[in-house]
Amino acid sequence: MKKVYPSAQAALDGIVHDGQLLAVGGFGLCGIPEALIAALRDTGRKNLTVISNNAGVDGFGLGQLLETRQISKMISSYVGENKEFERQFLAGELQLEFTPQGTLAEKLRAGGAGIPAFFTRTGVGTQVAEGKELREFDGHTYVMERSLTPEVSLAKAWKADKSGNLVFRRTARNFNPAVIMAGRIAVVEVEEIVETGTFDPDAVHLPGVYVHRIVLNATPEKRIEKRTTKQNPKGA
């Protein structure tokens, strides 16, 4: 099966629709599928529910989809760097399912593993647990969380072979593998595509069985989310 597509637009053709549940990989702005997000924006699809650790920043990453009002609900753990997100949420224009970061990661991992639900102590006694099943195990209270299985996952890896075997680079390995595994259709943006058989099997981080479509973006912007520099002491 041919998995390599000529462009991000072609890779999304026929698989994204209004009202979908999608997952998008990345950690902050690190390891986000920049080209695929832009292509999703250009489809004009609306009323999307997006699972992502964060919501990008104003004008970049998922922030682009917030500006065009294509997202109606976010399932996220951190949303602190996006003023448009804050404005829409406080105005009642955007729904938010706020989820602890570890719980969000496990919801995706469990979805990819075929596990429909799991119990965790995280969130017990808070709003996170309201309306959910509680159960006692070994003297502790746990809350049941449902796993997540998005219809389409958009993710980023460093390299892929033509069979879809993936290698990630550093922090970009956060969330991206779980996002890919959870999606019914997984589209992965990479910086380099090599021939099948190039990778040492021990170097593969995620096997190609989880990957349905691949697109090359050899020169991503890789914007820094918040740049900080060390200040020199007085007189230095």
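In this predicted model, strand 7 (residues 134–137) and strand 8 (residues 140–146) run antiparallel, and four bridges join them. You can pick out one of these pairings for yourself: F137 has H140 in strand 8 as its bridge partner. The two strands form a hairpin with two residues between them, and here D138 takes a positive phi near 50°.

Now let's turn to helix 5. This helix covers residues 101–113, which makes 13 residues, and its first and last C-alpha atoms lie 18 Å apart, close to the 18 Å expected at 1.5 Å a residue. Which residues of helix 5 are buried? They are T103, L104, K107, L108, A110 and G111. Looking down the axis of helix 5, you would find these buried residues within an arc of 165°, so they line one face of the helix.

Finally, let's look for empty space. Rolling a probe the size of a water molecule over the atoms shows where such space is left. The largest pocket holds about 260 Å³. Its lining is made up of 15 residues, and those closest to the pocket's centre are C30, G31, R169, A172 and K222. What kinds of residues make up the lining of the largest pocket? Seven are charged, six are nonpolar and two are polar.

Technical notes. Residues are numbered from 1 along each chain as its sequence is written. This is a predicted model: local features need pLDDT of at least 70, side-chain atom pairs count only at pLDDT 80 or more; totals for chains, interfaces and linings use all residues. Side-chain values use heavy atoms; hydrogens and water are left out. On a 1 Å grid over the protein atoms alone, a cavity is a set of points where a 1.4 Å probe fits but cannot get out, and a pocket is an open set with protein on both sides within 12 Å along at least five of seven lines; lining residues have an atom within 4 Å of a point. Grid points are joined across faces, edges and corners, and a volume is the space filled by probe spheres set on the points. Ala, Val, Leu, Ile, Met, Phe, Trp, Tyr, Cys and Pro count as nonpolar, Asp, Glu, Lys and Arg as charged, and the others, Gly among them, as polar. The expected span of a helix is 1.5 Å times one less than its number of residues. Buried means under 20% relative accessible area, exposed over 50%, partly exposed in between (1.4 Å probe, protein chains only). The arc is that of the directions from the helix axis to the C-beta atoms. Two strands pair if DSSP finds at least two bridges between them.
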